[in-house]
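Here is a short report on selected residues, helices and helix contacts. Please keep the sequence and the 3D view at hand while reading.

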Amino acid sequence: MEDASPDRSDGKPKRSYWSENLRLLGMLLSVWFTVSFGFGILLHEPLNRFEILGVPAGFWFAQAGSIYVFVALIFVYSWRISKIERRFGVSDDEEGRA
Amino acid sequence: MSTQALTYLFVGLSFALYIGIAIWSRAGSTREFYVAGGGVHPVANGMATAADWMSAASFISMAGIIAFAGYDASVFLMGWTGGYVLLALLLAPYLRKFGQFTVPDFLGERYYSKAARVVAVLCLVIVSFTYVAGQMRGVGVVFSRFLDVPIDMGVLIGMAVVFFYAVLGGMKGITYTQVAQYCVLIFAYLVPAVFISILVTGNPLPPLALGAEAGETGQSVLERLDGTLTDLGFAAYTEGTKSTVDLFAITLALMVGTAGLPHVIVRFFTVPKVSDARRSAGWALVFIALLYTTAPAVAAMARLNFVETVNGTAYAEDTPEWVKSWEGIGLIGWQDKNADGRIQYAAGAPFEGAPDFSGETGPSGERVLTNAPTGSANEIYVDRDIMVLANPEIASLPGWVIALVAAGGIAAALSTAAGLLLVISASVSHDLLKKTFRPGLSERSELMAARGAAVVAILIAGWFGIHPPGFVAQVVALAFGLAAASLFPAIVMGIFTRSMNKEGAIFGMLSGLTFTILYIGRFKFGWFGGGGEEDWLFGISPEGIGAVGMALNFAVAFGVARVTRPVPGTVRALVERIRVPSGAGAAGVH
């Protein structure tokens with residue numbers, strides 16, 4: 001993802017809002033990758049030596065755990081980004097319906 | 001009341017409900033027809049998205065696929081849910097901020113050309129029609145199985161119902177019928193799942209069943225299943241047979257494909273605000289996860305139950321009654337190869353091809369098959385769809401539960417078909433007519449054209465349903481692979497880079513699309529002399545090739561963009577605007 005270019009006219013707050021957003025996205029997407037591609041596929045066999053809720057852990061991540069984490073990720077993003085938006089004054093929550 | 005009468009009653013009532021909603025919520029403007037007026041509550045939109053997304057395949061076939069593929073089927077579970085993370089984080093809020101009606105709207109304006117819009121329409125139509133062809137067939141199959149009508153008749157009934165609420169109500173009608181359809185389908189899925197969970201583990205919560213003790217055996221459902229299957233010569237349920245690179249590629253292609261499916265994306269144009277689009281995607285995944293975390297449990301329990309109650313039983317005396325009733329309609333077939341009168345279940349196909357009944361009755365009372373037997377010790381053919389369809393009978397549930405499952409399966413098939421038909425008609429009336437070839441079109445004529453396009457799309461989809469092309473079984477791979485390789489990269493680059501220009505995006509989409517079609521064509525339909533597993537690129541199956549198509553799209557786009565003209569300043573300003581939520585306004589106002 002490219003960085004903001006210097007020739008912007010509409011002010012500084014929005015640019016740093018965007019870099020905060022990218023940082024948050026990077027963090028959440030690395031969790032997304034780790035639980036599914038990491039735990040569910042690449043590390044599935046070694047993890048199967050452990051158990052979660054009575055199920056081999058690699059199998060559990062592949063067929064259940066990753067789905068729970070996905071749901072949590074979307075709500076965490078929604079909550080964190082709303083806070084960032086309010087901080088930078090770019091939220092649409094207070095604007096009401098057009 | 002008989003089960004058949006109850007089925008007619010339940011299905012009839014659900015149809016009356018859908019049509020009633022359609023009349024109450026009919027669209028009066030193009031804004032209502034394309035994006036339901038932009039005023040749908042995020043939770044309601046989440047439910048509608050879940051119904052839109054979960055087709056007859058999710059409802060009926062998925063548990064069966066997991067039951068027979070075990071760990072390998074994890075690609076579907078992760079792929080079809082993980083895509084919502086990408087959708088919520090990378091696409092939905094920005095497209096909602098952009099605030100027009102269709103996916104080609106965004107691509108056409110972001111890549112400042114009619115050519116980009118038309119290429120986007122082309123990708124959308126190919127993706128959506130390959131998907132809807134399978135759905136209409138699914139509608140027909142579900143009808144014929146539950147209502148005892150021929151499949152073609154089932155397709156026609158399905159077309160008539162979809163016609164009514166999609167043409168009349170547009171997105172507005174579809175949204176509220178999908179909310180109702182979600183309620184019907186999830187209730188119909190969970191009721192038998194809870195009962196079979198109690199039957200097998202004594203615990204009413206299906207998601208906990210995998211690790212729960214199976215009966216009084218001292219082993220968990222999974223341990224017992226692993227043990228039983230390896231004894232019979234199958235691979236262990238918790239270990240896969242696919243290569244790691246293929247698992248990786250298929251999961252990625254399904255995730256990215258999910259996020260790139262136009263009929264799913266447009267659902268997020270219907271909520272009032274940018275923050276609602278994010279929340280709504282979260283709710284959609286909650287509603288989807290209810291079914292997707294239940295399916296693996298249903299799969300494992302049904303497979304275990306099948307092996308334990310059927311294998312080794314004497315057909316004439318102790319084989320369960322439901323086996324015979326599903327044999328009656330051809331979804332189970334038994335060939336007594338060793339003539340001992342008992343059913344032997346083992347790895348491998350029992351005989352060549354699908355069961356072909358001679359019409360005679362064998363020595364144990366079974367339906368005689370004319371198929372040539374294979375060398376495998378396995379004697380029984382099972383259609384994998386049975387794992388969900390036969391659950392109520394396996395758990396000895398009353399007739400109304402079977403009727404409920406029928407209504408649920410039909411709801412799942414109709415809701416997906418309607419969502420697909422709507423994006424096709426919107427892309428024709430709005431993107432091709434209004435925005436490309438007939439810019440002078442009035443609001444009224446555009447609405448007429450949208451309804452007309454919906455009619456034509458239903459007729460074409462119905463034709464595919466009655467004359468299914470040979471590729472119906474492969475359409476899932478095709479639709480997801482194409483969405484992943486064409487639309488997703490173009491949209492993401494349009495939001496996250498300011499420098500991607502029209503040449504880059506257009507060549508990127510076209511090369512991703514072409515590469516993926518040709519690869520799937522070669523290995524699925526035998527183009528260019530076909531080929532086997534040993535010819536796969538990097539060991540990646542056609543199901544996973546969309547991931548490579550996506551990478552190719554990105555690479556071509558960045559390469560072409562480097563050597564062509566930079567994007568105009570107005571487009572850079574557009575990108576800045578969609579990156580911040582404030583000032584969204586209503587969809588379509590810009």
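Ile19(B) sits in helix H1 of chain B, residues 3-24. Helices here are DSSP runs of H or I with at least four residues, strands are E runs of at least two, and both are numbered from the N terminus. At 27% relative accessibility, Ile19(B) counts as partly exposed. The classes are buried under 20% relative accessible area, exposed over 50% and partly exposed in between, with a 1.4 Å probe and protein chains only. Ile19(B) is 147 residues from Ala166(B) in sequence, yet their C-alpha atoms are 10.0 Å apart in space.

The model is predicted: local features need pLDDT of at least 70, side-chain atom pairs count only at pLDDT 80 or more, and totals for chains, interfaces and linings use all residues. Residues are numbered from 1 along each chain as its sequence is written, chains are lettered from A and ligands numbered from 1 in the order in which they are written, and side-chain values use heavy atoms, with hydrogens and water left out.

**Two buried residues**

Cys123(B) lies in helix H7 of chain B. Cys123(B) is buried, with a relative accessible area of 0%. Leaving aside residues up to four places away in sequence, Cys123(B) touches Ser486(B), Leu487(B), Met509(B) and Leu513(B). Contact means heavy atoms within 4.5 Å. Ala484(B) is 361 residues from Cys123(B) along the chain, and their C-alpha atoms are separated by 11 Å.

His430(B) belongs to helix H17 of chain B, residues 399-437. His430(B) is also buried, at 4% relative accessible area. What does His430(B) touch, not counting residues up to four places away in sequence? Its partners are Tyr34(B), Phe101(B), Thr102(B), Asp105(B), Lys435(B) and Glu446(B).

**Two helix pairs**

Helix H7 of chain B (residues 114-147) packs against helix H8 of chain B (residues 151-201) at an angle of about 115°, with their axes 7 Å apart. Axes are lines fitted to C-alpha atoms, for helices over the stretch in contact, and angles run from 0 to 180 degrees between N-to-C directions. H7(B) and H8(B) are therefore roughly perpendicular to each other. Angles under 35 degrees count as roughly parallel, over 145 as roughly antiparallel, 65 to 115 as roughly perpendicular and the rest as oblique.

From H7(B), the contact uses Met136(B), Arg137(B), Val139(B), Gly140(B), Val141(B), Phe143(B) and Ser144(B). From H8(B), it uses Ile151(B), Asp152(B), Gly154(B), Val155(B), Ile157(B), Gly158(B) and Met159(B). By class, the residues of this contact are eight nonpolar, four polar and two charged. Ala, Val, Leu, Ile, Met, Phe, Trp, Tyr, Cys and Pro count as nonpolar, Asp, Glu, Lys and Arg as charged, and the others, Gly among them, as polar.

Helix H6 of chain B (residues 103-110) and helix H23 of chain B (residues 569-579) cross at roughly 135°, and their axes come within 10 Å. H6(B) and H23(B) are therefore oblique to each other. Phe106(B), Glu109(B) and Arg110(B) of H6(B) meet Val571(B), Leu574(B), Val575(B) and Ile578(B) of H23(B). This contact has five nonpolar, no polar and two charged residues.

**Two helix spans**

Eleven of the twelve residues of H3(B) are buried, so H3(B) is largely enclosed by the rest of the structure. Among them are Pro42(B), Asn45(B), Asp52(B) and Trp53(B). In H22(B), the buried residues include Ile545(B), Met550(B), Asn553(B) and Ala561(B).

**Positive phi in loops**

Tyr112(B) is not a glycine, yet its phi is positive, about 35°. Tyr112(B) lies in the loop between H6 and H7 of chain B. Its relative accessible area is 24%, so Tyr112(B) is partly exposed. Phe538(B), also not a glycine, has a positive phi of about 55°. Phe538(B) is in the loop between helix H21 (502-525) and H22 of chain B. Is Phe538(B) buried or exposed? At 60% relative accessibility, Phe538(B) counts as exposed.

**Chain A**

Chain A has three helices and two strands. From the N terminus, their order is α-α-β-β-α. Of the 98 residues of chain A, 46% count as buried.
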